[in-house]
Amino acid sequence: MRSTSMVLAACLLGAASAQAADREFTEVVRVISDEFHTRPTSIPMFGLVNVFAAAVHPAGTRHIDLAVFEHLGSHDREGRNLSDAILSAVGRSWKPFVQVRSHKNGHEETVLVYMRQEGKDWKLLVTAVEHDEATVVQLLLNADALARWMASPEHCARHWSGDQTE
Amino acid sequence: MKFAIPVLLAVLPLAAQDIKMPAGLDRLAEKASDVVDVSLDGALLQLASRFLSEKDPDEAHVKRLIGGLKGVYVKSFEFENRDEYKESDVDELRAQLKAPGWARIITARSKRSGENSDVYLKTDAGQITGLAIIATEPKELTIINIVGSIRPEDIRDLGGHLGIPKIDIGPVRNDKDKNDKKDKEDDK
């Protein structure tokens with residue numbers, strides 16, 4: 001009974017933290033939803049990830065908001081310039097940090113990373129769009145984790161996009 | 001008006017740069033197989049420097065270098081095939097670097113590898129306030145703008161840090177006087 005209550009509490013905490021996602025994160029998710037006429041894939045029990053992140057700070061990450069879109073290739077696109085739409089959704093309070101655009105083997109891949117300071121911590125808003133899937137991640141990082149990003153920004157951006165060739 | 005907002009937002013990060021990336025580079029981006037943009041403003045650079053060790057001589061050196069910087073902006077293009085971009089694609093950029101205050105100080109050319117690098121220095125009242133590099137290879141183009149106090153010889157040490165690629169600018173050959181004269185002749 002007690003463990004059930006803990007799981008429930010964790011899910012509620014997770015749900016609460018999901019609601020606390022920044023407006024810009026929500027806007028970027030909306031931009032991708034509108035562009036591909038689809039919704040993010042539901043990730044069961046994702047709230048637990050943030051309970052874990054808040055307690056353990058894996059790799060300097062204190063909070064994660066995540067939206068994953070799958071099977072985008074099967075949806076009709078609106079046809080807008082996605083980078084411009086995301087830039088507009090992110091707004092001025094976030095600083096552009098890294099942008100990677102790849103057109104290899106007929107597949108297009110874009111990774112846009114924006115950054116914003118929040119007290120002693122830093123937030124990264126990472127959007128990776130590939131042919132068939134897209135990921136929007138907002139990370140609340142401590143300074144150590146951010147330093148790793150700054151030491152090798154392109155590598156970190158490609159890592160998040162799933163391109164391990166660099 | 002609603003189309004003006006993304007354009008304004010796109011221009012804003014460039015405001016801190018010494019040079020303005022020409023619109024023609026966007027067209028080049030469409031042809032490139034890989035385009036990477038890295039923007040680090042002064043606050044981020046100072047944060048980055050806090051994590052470099054004073055005890056490690058190399059890191060301590062880089063830390064000192066970063067201490068004098070106000071911004072690092074890197075834009076690189078990689079192409080599938082040779083000669084997919086022309087020298088004229090960066091003409092507009094080079095024209096900016098002929099403005100008062102800028103001087104081309106290093107030119108490195110390699111016929112064997114086809115790698116060429118030009119290093120430009122910006123000075124104000126005798127102080128170095130910025131540096132720009134245009135590095136070209138048959139399938140790559142890299143533009144680096146460093147805002148702040150930096151010496152050309154320190155570029156090698158910053159390579160591999162902060163998204164700045166390692167660029168071989170060859171043996172340092174000071175072209176300032178020769179190029180000042182040539183640029184003036186070109187302008188006539």
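Reader: How many salt bridges does the rule find across the interface of chain A and chain B?
Author: The rule finds one salt bridge across that interface. This is a predicted model, in which local features need pLDDT of at least 70, side-chain atom pairs count only at pLDDT 80 or more, and totals for chains, interfaces and linings use all residues; side-chain values use heavy atoms, with hydrogens and water left out. Residues are numbered from 1 along each chain as its sequence is written, while chains are lettered from A and ligands numbered from 1 in the order in which they are written.

Reader: What makes the meeting of Lys95(A) and Asp41(B) a salt bridge?
Author: The term requires a side-chain nitrogen of Lys or Arg within 4 Å of a carboxyl oxygen of Asp or Glu. For the side chains of Lys95(A) and Asp41(B) the N to O value is 2.9 Å, so the pair qualifies.

Reader: How many salt bridges are there over all chains, and where do Glu27(A) and Arg30(A) lie?
Author: The search of the whole structure gives 15. The side chains of Glu27(A) and Arg30(A) form a salt bridge at 2.9 Å, N to O. Both residues lie in helix H2 (residues 23–36) of chain A, three residues apart, about one turn of the helix. Helices (H or I, at least four residues) and strands (E, at least two) are DSSP runs, numbered from the N terminus.

Reader: What area do chain A and chain B bury between them?
Author: About 2,200 Å², 62% of it on carbon and sulfur atoms. Buried area is the accessible area (1.4 Å probe) that two parts lose on being put together, summed over both. The contact (heavy atoms within 4.5 Å) takes 27 residues from chain A and 28 residues from chain B.

Reader: Why is H2(A) called roughly antiparallel to H4(A)?
Author: The axes of H2(A) and helix H4 (residues 82–90) of chain A cross at roughly 155 degrees and come within 8 Å. That makes H2(A) roughly antiparallel to H4(A), because angles over 145 degrees count as roughly antiparallel (under 35 roughly parallel, 65 to 115 roughly perpendicular, the rest oblique). Axes are lines fitted to C-alpha atoms, for helices over the stretch in contact, and angles run from 0 to 180 degrees between N-to-C directions.

Reader: Which residues of H2(A) and H4(A) make the contact?
Author: Among them are Glu27(A), Val28(A) and Val31(A) of H2(A), with Ala85(A), Ile86(A) and Ala89(A) of H4(A). By class, this contact of H2(A) with H4(A) has eight nonpolar, no polar and four charged residues. Ala, Val, Leu, Ile, Met, Phe, Trp, Tyr, Cys and Pro count as nonpolar, Asp, Glu, Lys and Arg as charged, and the others, Gly among them, as polar.

Reader: At what angle do H3(B) and H4(B) pack?
Author: Helix H3 (residues 42–50) of chain B and helix H4 (residues 57–67) of chain B pack at about 160 degrees, with their axes 9 Å apart. That makes H3(B) roughly antiparallel to H4(B).
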